[in-house]
Amino acid sequence: MDVLDIARWQFGITTVYHFLMVPLTIGLGILVAVMHTMWVRTDKPEWLRMTRFWGRIYLINFVLGVATGLVQEFQFGLAWSEYSRFVGDVFGSLLAMEALLAFFLESTFLGLWIFGWGRIPKKVHLATLWAAVIGSIVSAYFIIAANSWMQHPVGVTMDGDKPRLTSIGAVLTNNTALAAFSHAIVAAVMVAGALLVGIGLWHLRRRKLAGRPIDVDHQVWRRSVRLGGWVSLAAFLLVAFTGDWQGKLMYEQQPLKMSSAEALCETEAPASFSIFAWNKLGSNECDDVHSITVPGLLSFLAHNDFSSAVPGVNELQERYSEVYGATYPDDPSRFGDKAGQPVDYQPVLAVTYWSFRLMVGMGAVSAAVAAYALWSTRRGRVPTSRIGVYGSLLAVAAPFVANATGWIFTEMGRQPFVVVPNPDVPVGKQIWFFTAQAVSPGVSAAEVLTSVIVLSVVYGALAVVEVGLITRFVRRGITTGDGTPTPTGTPDGPDRADRPGDDDVLQFAY
Amino acid sequence: MDLQTLWFAAVAVLWTGFLLLEGFDFGVAALLPVLGRRPDDRHLMLRSIGPLWDGNEVWLITAAGAVFAAFPGWYATWLPALYLPFVIVLLGLIVRAVAFEWRHSSHDPRWDATWTHVITGGSLVAALGVGAALGATTLGLPIDGDGNRVGGSFAGVGWPAVLGAVAVLGFAVVHGALFLALKTDGDVRLRARTLALRWSPVAALPLLAWAGIVHLRYGTPVTAVLWLVAALAVVVTWARIRVDREGQAFAGWAVMLIASAATIFGAAYPVVVPSTIDPAFDVTVADASVSDYTLTVMTWVAGVGLPVVLAYQAWTYWVFRKRLTAEPVHP
């Protein structure tokens, strides 16, 4: 492997890993803030216990997201210096805005929330959590605006050999960004919803089998399941709408990505949607893939009617070769080994095809589990079905997979470009940048290999500890059913984290 | 002042702010095995920085982001030239961050002790590494005319990097001790005061040397004055510790850092990455900068955003202003 391939693996590994933490931070942050709000409004003890239990998971997860996010801020310069030089006029400013307007908000106010129990007035304390959660959402907006500019560069003009920013407003209101941002936020909420459902059902069943009473702790788990279930279902609907919006944009902006998602080889009118493929599943030769299809559906997904033509991979490949060159420019100083070599405009078909299906499929699994959870807990019932409850617990992973494969799809699907040409702009004024020319020329393959191995080993070890900690914490559940006074909200009540005698669960103090 | 100069100053301010804030939490972490003789002492020390370290660390991210935003040519030369050193710094920061959160996730004292060591180790690596990177970008990196590193993976770690590393660590350790003297009570406060009194004159030397070298190489009369202010601040700090005025000593030490950083960045301007191969290969503000339009946008964003950030971070320090004592830590 050359430095380019290793650097791409490194970016993929570190970014997908980071994005396991991110949607949970965003989604669970919103839900914990809702729980905390409910406690402040109703003074009911179950909302306080929910806030503290789920809040603790939120924090364990948050810190790993912060830690792995550090790598993100630096790796554009470390391994992708030519990319950083090329996009510098646009991309860096978005990262800086994210840090200044979002990360400070997130980190500072989360510190206040963690250590502020009993130290600051109740409502102000609640506001600190909302400020942190808003920080997370704002950060998602800026980083997605940055990514969407790579998918669909707007607000720039070519100045010499680099794009120059002409309208920050166009970059921040890029339709690609608005669609991707709304899709990512609701997908993040699904992650949190699935967690509440899976863990809540497991505790409810265990308590019922152990003959525990219907007490505050029962209410904690029941409310968690109901909240998680409804939120998941609502978010799934929104995920579908925003995904459809994004998909239609992608058919205009990156048709080859979308046709590769369908393994649609030849242009079809009406085009059919592929449900599942068989025969040479791993093949990247388009014509090898055979699948079960729904007639006309792809035309609808792309153009909102059941008859329009959708261009196939083969036709698009030819079109791209004509416009952007059949071979990379013969300039080894910029393109390295790839100089003068043919450009393959088709993304890795097996990856785009299957990641798209996993994304949609796992999202649907989450929605089905949420529906099951709501049904099985209707009117105070508690499910005892082993398959149902353990299946729901296992399905906590489903929206994580959906989120990860969604990003893998959109990032792998834009190859061989790192900045994809914007088709709304006349060809002569289009801006694009091949991934092959983005890597740092001064960094050796051995160095990147070293860093990718070290980072992967460390990330792997951290994942083991993280999952172990969360599992142990979840199994222990809420250990306050032992006579802890009912919260009163007075300064000496249990909203003082440093009150001796409270179990560790109620403590955020270091 | 044109926008490029303004943004060079902004970047310098952000790095200085980072050192000033994260400096004391690096220092407290580094001093855990030195001043924290009993577990209770160590818990006290960690509690003093618990609510603050994460907000402080965002200054690093913002500083790096601002370098990318305003001077992509600087970002894209500096980082790959120190590729593996930067990866090591990131690893230090990663393990340190998770250790803060994870160390109190178990009742097992060995678990706690292990992660406490990780906080110390990660902080040492990060402080040394950031210092090395800043030393290299103000004193010199072996880069050619295309901005690419000449030599092996650690070719960028010459004497400038070593000087920067020692300087930042020296500053951070005393800064951390003064912070503990200011924020805690009991044994930790006394030990921190003694350490600061004994070591502050020595710990300031590498930073003053670094600032002095940059000044001698590029300086102006203004940077000479700034350097003298830094040197004087060391004396003031030491004198104030002696009379137990911890707040003034802390402020004095902060002035020492600010004046040193102002000397370094002020003298180095407009060079952002000096080449040790040939001064003709130096990367300057003009080479590295983005367009005026982007700088204008960033000026508006920072002009509105930074005061707000400063206000709420100041409020955090106000909320947690109380002096902490080592109370028995319940399990």
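Tutor: Let us begin with contacts: two residues are in contact if their C-beta atoms, placed from the backbone, lie within 7 Å. Leaving out residues up to four places away in sequence, B:Ser200 touches B:Val174, B:Val234, B:Thr237, B:Trp238 and B:Ile241. The model is a predicted one, in which local features need pLDDT of at least 70, side-chain atom pairs count only at pLDDT 80 or more, and totals for chains, interfaces and linings use all residues. Residues are numbered from 1 along each chain as its sequence is written, while chains are lettered from A and ligands numbered from 1 in the order in which they are written.

Student: What is the average pLDDT of chain B?

Tutor: The pLDDT is the predictor's confidence in each residue, from 0 to 100. Chain B averages 91, and 98% of the residues score at least 70. For the complex, the predictor gives an ipTM of 0.89 and a pTM of 0.90.

Student: Is B:Ser200 buried or exposed, and in which helix is its place?

Tutor: A residue is buried if 20 or more other C-beta atoms lie within 10 Å of its own, exposed if 12 or fewer, and partly exposed in between; the C-beta atoms are placed from the backbone. B:Ser200 is buried, because 25 other C-beta atoms lie within 10 Å. Helices (H or I, at least four residues) and strands (E, at least two) are DSSP runs, numbered from the N terminus. The place of B:Ser200 is in helix H8 (residues 187–218) of chain B.

Student: Which residues is B:Val174 in contact with, leaving aside its neighbours within four places in sequence?

Tutor: They are B:Ala196, B:Trp199, B:Ser200, B:Ala203 and B:Trp253. B:Val174 belongs to helix H7 (residues 159–183) of chain B. B:Val174 has 33 other C-beta atoms within 10 Å and is therefore buried. From C-alpha to C-alpha, B:Val174 and B:Gly73 are 34 Å apart in space and 101 residues apart in sequence.

Student: How do helix H1 and helix H12 of chain B pack?

Tutor: Axes are lines fitted to C-alpha atoms, for helices over the stretch in contact, and angles run from 0 to 180 degrees between N-to-C directions. Helix H1 (residues 3–35) and helix H12 (residues 292–319) of chain B pack at about 45°, and their axes are 10 Å apart. That angle makes H1(B) oblique to H12(B), because angles under 35 degrees count as roughly parallel, over 145 as roughly antiparallel, 65 to 115 as roughly perpendicular and the rest as oblique. On the H1(B) side, the contact is made by B:Leu3, B:Gln4, B:Leu6, B:Trp7 and B:Ala10. On the H12(B) side, the residues include B:Asp292, B:Leu295 and B:Met298.

Student: What classes of residue make up the contact of H1(B) with H12(B)?

Tutor: Ala, Val, Leu, Ile, Met, Phe, Trp, Tyr, Cys and Pro count as nonpolar, Asp, Glu, Lys and Arg as charged, and the others, Gly among them, as polar. The contact of H1(B) with H12(B) has seven nonpolar, three polar and one charged.

Student: How many residues of chain B are in contact with chain A?

Tutor: There are 58 residues of chain B in contact with 58 residues of chain A. Among the elements that each supply at least two residues of the chain B side are helix H2 (39–49), helix H3 (53–70) and H12. That side of chain B has 39 nonpolar, 15 polar and four charged residues.

Student: Where is a cis peptide bond to be found?

Tutor: One joins A:Gln415 and A:Pro416, with omega about 5°. A:Pro416 is in the loop between helix H14 (397–412) and strand E5 (417–419) of chain A. The peptide bond from B:Tyr269 to B:Pro270 is also cis, with omega near 5°. B:Pro270 has its place in the loop between helix H10 (246–268) and strand E1 (271–273) of chain B.

Student: What is the phi of A:Ala263, and what is that of B:Asp244?

Tutor: Phi of A:Ala263 is near 50°, a positive value in a residue other than glycine. A:Ala263 counts as buried, because it has 25 C-beta neighbours inside 10 Å. For B:Asp244, phi is near 60°, again positive in a residue other than glycine. B:Asp244 has 11 other C-beta atoms within 10 Å and is therefore exposed.
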